[in-house]
Amino acid sequence: MAVWVVGNALIPVFLLGLPTSLLYFFPRRSEPRLLVGQVLLCLATSGLALAGCLWLWGPQLADVLVQEGGDSEQIAAYLLLFLPYLFAVIAGGGAETALVAADREHYLAWLQLAMGSSLVVGTGGALWLGWTPAQVLALFSGLGVLRLFAVCGLVRLALKGGRWWGWEGLGELMRYTRPVGFNDAMGSLSRYVDRFVVMHFFAAGAFAEYNFGAIEVPISLLLSAVTAVLIPEVSQFFQEGQLDEILVLWQRAVSRLALLVLPLAAFLLAFAGSLIGWLFPEYDRSAWVFRIYLLVLPLRCAAYNPILVGMGKARWALWGSVGDLCCNIGLSLALVAYLQTAHPEWAFLGPAVATTLVTYLQVAFLLMAIGWHLRCGWYRLMPWGRLLRIGAGAGAAAVVCRWVSADLGGDFLQVAVGGMCFVVLIGALVWAYPQDRAELTHTWRALTRTR
């Protein structure tokens, strides 16, 4: 588990912001194959650099992360087995973005579905067969390499004609990607600061409880689709001075995301205890970590950094991420120190509280920056009234469904019955508003369309 956390924290650092930059340059370049080839070669080099760094300094990194008495040598050995997976994810990052930029999102969606299913089936089979952690990590590495070959083959199929390599435009690409890469690196480290703090200060059992509660709600594909649309369109509108068009595009994206994100957040908050009790019955305290993290989910109604990147203001996003990282580290350490004295049994929740509070501060800063560049106040920046209506409706529906299913036996039955009731109520709420119904239909078609 610790190896998985370390690896996923380092991946965005070594992606160097190149996938995001590819979205910016793809509609601007006459030779898309040349651009994609440059990005893929740079990412393959970066992946090799990460593998080399962990090969040389993996033991030292494990010593820093694991508290005294932990098995840092074993973690270092596991890191080495995980290197092919990390290399494959980084080397293939540009290829995945190229499929989105080339309007082949359905290729990527099917690939992600196949990869996710393979990881789940492989992990389940490994547990059933009694495989060791080393064998499981080797399996992940093998699947990662297969994914790399598959996504590169799909890119070759999607981009026909032209050359794959040349020096033209490489300097411009690297200059643009520098602040984007720094921003992504700071954001990734900030997202995993809490886990590193828990890993260092607490025993393995506490880290397991924390990590299971801090599970990622799967909306990344949704945000990636929004990013793929926002960056090129915002870039074009900003160059033409059409700030009002950017604002309209931004509000439309926020409204459509809210129709999916806010109901999901309301349902998960209402059923957090039952979900954790069903998925991880031996880690009951994980439910509190899960609830704290869910308070951040409503903020995912908007993609903040992409609109700044699209306007060529990536440095603003970078400073927001730097501030987020510094504040997160300081507040996490302060809360852990206080709670270890005052309430030691809950001290491991300190980093989760710190991450949530600092994330709200970062979003406030990013909204201020976006409003500054779009020359509009907070009251115009977001569709506040609509967000309040959707959030209140989803919250009321979640409370009703929790009450209906509260007396049913078993966590799974509560989640299943409550989920079905929630879908019915949310469907009725959406049907009552034609605008919501039309936008939800449009979003669903955009996610499931094929060409």
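Select residues 170-201, helix H8: its 32 residues should span 46 Å at 1.5 Å a residue, and the end C-alpha atoms sit 44 Å apart, which agrees. The expected span is 1.5 Å times one less than the number of residues. Now centre on Tyr192, where H8 has a kink of about 45° (the angle between axes fitted to the seven residues ending there and the seven starting there).

Bear in mind that this is a predicted model, where local features need pLDDT of at least 70, side-chain atom pairs count only at pLDDT 80 or more, and totals for chains, interfaces and linings use all residues. Numbering runs from 1 along each chain as its sequence is written, and side-chain values use heavy atoms, without hydrogens and water.

Zoom out and you'll find 20 helices and zero strands; these are DSSP runs (H or I, at least four residues; E, at least two), numbered from the N terminus.

Next, show the rings. There are eleven aromatic pairs, meaning Phe, Tyr or Trp (six-membered) ring centres within 6.5 Å; planes under 30 degrees apart are stacked, over 60 edge-to-face, the rest tilted. Pick Phe267 and Phe422: a tilted pair, 5.3 Å centre to centre with 40° between the planes. Phe267 belongs to helix H11 (residues 243-270) and Phe422 to helix H19 (residues 411-432), so the pair ties together parts 155 residues apart in sequence. Then select Tyr210, Tyr293 and Phe348, which ring pairs link into a cluster.

Last stop: Arg389 over the face of Tyr433, 3.9 Å from the ring centre (the rule: NZ of Lys or CZ of Arg within 6 Å of the centre and within 35 degrees of the ring normal). Arg291 does likewise over Trp288, at 4.9 Å.
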